[in-house]
Amino acid sequence: MSAPIPAGSLRPVRTLTTAAGITVQDRDRTRPFLLLHGGGGALTMAGFADLLAERTHSQVLLPTHPGFGGTPRNAELTTVRDLATAYVAMLEELDLADVTVIGNSFGGWLAAEIALRHSPRVSGVVIVDGIGIEVEGQPLTDVSGFSATEIQKFSWHDPSKAPVPASAGGTGPSPDIQALIGYTGPAMSDPTLAGRLAGIDIPVHVVWGASDRIAGPEYGKAFAGAIPLATYTLLPRTGHLPQLETPEELLGALLGLGA
């Protein structure tokens, strides 16, 4: 486990709504980080957003993608690329610079698409167990019909330590997974993405859980291998959601600390 970073005082969280209808929590600090959640919604990133803000004294933005968490979704936002364009516009609207974008799962795909827009406001990207590319012999686990409880079994190194999902008693996909499919399509991938990743011209850190059973470590290596300036870090005893299961190790990897 990486050594904890000294804590600082945590300022109040502000909630903003952008012109594109993105609702974003702002943990206001100095250096900006944009955290992008996956199909589990913003709650899967909230604890790590607090940890990152408190330990690094940074400005941490935690948006809810339109359509997730019961939020409205503009008719113009139909694809992952549309959403990436909306986030670049959000950075312009908030007048941010030197932004590091950190995305988990679907958020990792979205972070890659943001990098491909070559915004001068974005200086780096961290893809955490991302999805979106197609890798021969390494198919994504199809979670489109899974309940929240079923998804957790594939997402955690130790599912017994996973929190009980709010929709644990339900069957079939949650509303957030349905919102996810609305952006990605049922395949949850883009056959053009892997080839387009070569166009990313900023540093990218690809961080992966060694026990990820939704997108395995070899899939992660392929993701990193498609990006010219990428580095790859494998986290032991970690599944698809490092920010929940091993947040200290993820933070250490992001900050270049020894694990």
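Me: In which sense do β3 and strand β4 pair, and over how many bridges?
Reply: β3 and strand β4 (residues 59-64) pair in the parallel sense over three bridges, where strands are DSSP runs of E with at least two residues and helices are runs of H or I with at least four, numbered from the N terminus, and two strands pair if DSSP finds at least two bridges between them. Pro-32 stands opposite Gln-59 in β4. This is a predicted model, in which local features need pLDDT of at least 70 and side-chain atom pairs count only at pLDDT 80 or more, while totals for chains, interfaces and linings use all residues. Residues are numbered from 1 along each chain as its sequence is written, and side-chain values use heavy atoms, with hydrogens and water left out.

Me: And what does β3 do with β5?
Reply: β3 and β5 pair in the parallel sense over four bridges, and Leu-35 has Ile-102 in β5 as its bridge partner.

Me: Is β3 mostly covered or uncovered?
Reply: β3 is mostly covered, with five of its five residues buried, meaning under 20% relative accessible area with a 1.4 Å probe and protein chains only, whereas exposed is over 50% and partly exposed lies in between. Pro-32, Leu-34 and Leu-36 point one way from the strand, and Phe-33 and Leu-35 point the other way.

Me: Why is α3 described as largely enclosed?
Reply: Because 10 of the 10 residues of α3 are buried, the helix is largely enclosed by the rest of the structure. The buried residues of α3 pack against β3, α2, β5, β6, α5 and α6 (193-196).

Me: Which residues does Phe-106 touch?
Reply: Not counting residues up to four places away in sequence, Phe-106 touches several, including His-37, His-65, Phe-68, Leu-83 and Tyr-183, where contact means heavy atoms within 4.5 Å.
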